[in-house]
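User: Hello! I am new to this structure and would like to learn how to read its features. Could you guide me?

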Amino acid sequence: MLRYRILIVDDEQIVRNSLRRLLQHHEREILLAANLSEAKQKIIETMPDLLIVDYKLGDENGIDLLPFVREHHPEAIVIVLTAYGNIALAVEAIKKGAYDFLQKESDPAILRHVIDRALERVRLRKEVEMLQLSHTGHHAGGPIVFKSKAMKRVMELANEYAQSDCTVLLEGETGTGKSMVAEYIHYTSRRKENPLITINCGAIPRELIESELFGYEAGAFTGAHSQGKVGLIEQADGGTLFLDEISDLAVELQSKLLFVLEKGEFLRVGGVTPKKVDVRFLAATNANLHALLQERKFRQDLYYRLNVGYIHIPPLRDRKEDILPLAHMFVQYFNKKFHKAIEGFTPEAEAELLNYTWPGNIRELRNIIERVFLISKTSIIGKEELHLLVNASASSLNDHVCRLEIELGQCDNALTYATRRIVEHAWELAQHNQSTAAKLLGIPRTTLQNYLQKFRLI
Ligand SMILES: Nc1ncnc2c1ncn2[C@@H]1O[C@H](COP(=O)(O)OP(=O)(O)O)[C@@H](O)[C@H]1O
Ligand SMILES: [Mg+2]
């Protein structure tokens, strides 16, 4: 596995090449830049762990890179190269945030020692980061992993909202982590001992959703249970109700929901006396709710009532720094699950992960890595394995083929696994429409509903 990325910034090709030779090692990837603008671009693209920067870069000054590093990649360690005897410059560099300095004519042994020490520091930081990552938060799918500023902000907001009881609207593309953040908010809030009830407003048929949400009184309608039914709002009493895909909620139900939000009371279907509940509401949508207001598909008053707290989770392609940490976390997660010992990715495979646009976001990343585990025969994931899968997954929404490859004996329960894959595939293909999905699978809708529940897809 590739562990360290080093960027050498020097205007003289001879110096760049000799440093590269000196530092070459199988655990290191060495990148080169000849001037400040090249260096800045490489920093953004590759997030190197260590930078070795010449003080004098032609007309430019290597130290001018320090504020840029501090702003865009503060974890990077910078070592400044100075001409022999120029201690004043070295001191200036350290004052401005460089980790250390090296004199150009130093003995190669000294140079190696300083670099090794810096990389040791990088290693420690990475270890601490991994530990922190696994302690920042957990949800049903494993630790919550993030590195980007945007996700740090998301988690800060989630923590802030967890301290209060306000309604929170989560917006983001499918697979960006909305459900995960909703879970996180509930389980870090004072309501954590009480239930978190989730309802997917898009997955439950319109006719059923009202009685699901509000419950009904005995004899409310023909076919109703004689004892009546406790709705989800009531079940969530003391806890949190998470309304997923809220944009799919029919307009008539939006007004009933608004009433609950405003009064803390609701009426069962067929009921006459309002019941009091103490419920905290979270809502999520992958549609732009604000745009739906204009089309009058979503009530403005409900929108404002939901939007007290607001979290936008950006798509994965807009926070590329999260891709590799997430990919590595999923590798660890599936190593445990499938009793494998995959170490990671080749540099080419990492580049592939970084370049892909991830229309299905983290859910897609997770699924792809899970599938790689089933086909991979080596201890390191290469570009080829990934390439095939990324392409397959990008086109999977247009084709009706469910590709399955299962290594028998390697998987806890191959049959369940295969069933889940097929159901998931049909579910995506049908865009979460139950009758279409049931048709695709050739099973009755009730059977489909059982599977959807079993595999926690609704
Ligand atoms: N930052 C993250 N760290 C770890 N796992 C994540 C992260 N974001 C999303 N996931 C995982 O990706 C998958 C999709 O997330 P989910 O919350 O279901 O997305 P959404 O509700 O926005 O469609 C889930 O398996 C979730 O556990
Ligand atoms: Mg979700």
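Analyst: Gladly! Let us begin with contact: two residues are in contact if their C-beta atoms, placed from the backbone, lie within 7 Å. Helices (H or I, at least four residues) and strands (E, at least two) are DSSP runs, numbered from the N terminus. This is a predicted model, where local features need pLDDT of at least 70, side-chain atom pairs count only at pLDDT 80 or more, and totals for chains, interfaces and linings use all residues. Residues are numbered from 1 along each chain as its sequence is written, while chains are lettered from A and ligands numbered from 1 in the order in which they are written.

User: Which residues of H13 meet H15?

Analyst: From H13, Leu-326, Ala-327, Phe-330, Val-331, Phe-334 and Phe-338 meet Ile-362, Leu-365, Arg-366, Ile-369, Glu-370 and Phe-373 of H15. These contact residues divide into ten nonpolar, no polar and two charged.

User: At what angle do H13 and H15 pack?

Analyst: Two packed helices are described by the angle between their axes and the distance between the axes. Here, H13 (residues 323–338) and H15 (residues 361–375) pack at about 45°, with axes 10 Å apart. That makes H13 oblique to H15 (angles under 35 degrees count as roughly parallel, over 145 as roughly antiparallel, 65 to 115 as roughly perpendicular and the rest as oblique).

User: In what order do the strands of the open sheet lie?

Analyst: Strands of a sheet pair through backbone hydrogen bonds, either parallel or antiparallel. In this model, the five strands of an open sheet follow the order S11-S14-S17-S10-S18, with parallel pairing (two strands pair if DSSP finds at least two bridges between them). Strands S11 (196–200) and S18 (309–312) stand at the edges with a single partner strand each, so one side of each has no neighbour in the sheet.

User: How many bridges join S10 to S17?

Analyst: Four bridges join S10 (residues 168–171) to S17, and Glu-171 stands opposite Thr-285 in S17. Strand S14 (residues 240–244) also pairs with S17 over four bridges, in the parallel sense. Within S17, Phe-281 is the bridge partner of Leu-241, and Ala-283 is that of Leu-243.

User: Is S17 mostly covered or uncovered?

Analyst: Strand S17 (residues 280–285) is mostly covered, with six of its six residues buried (20 or more other C-beta atoms within 10 Å of a residue's own). Arg-280, Leu-282 and Ala-284 point one way, while Phe-281, Ala-283 and Thr-285 point the other way.

Note on methods. Axes are lines fitted to C-alpha atoms, for helices over the stretch in contact, and angles run from 0 to 180 degrees between N-to-C directions. Ala, Val, Leu, Ile, Met, Phe, Trp, Tyr, Cys and Pro count as nonpolar, Asp, Glu, Lys and Arg as charged, and the others, Gly among them, as polar. A residue is buried if 20 or more other C-beta atoms lie within 10 Å of its own, exposed if 12 or fewer, and partly exposed in between; C-beta atoms are placed from the backbone.
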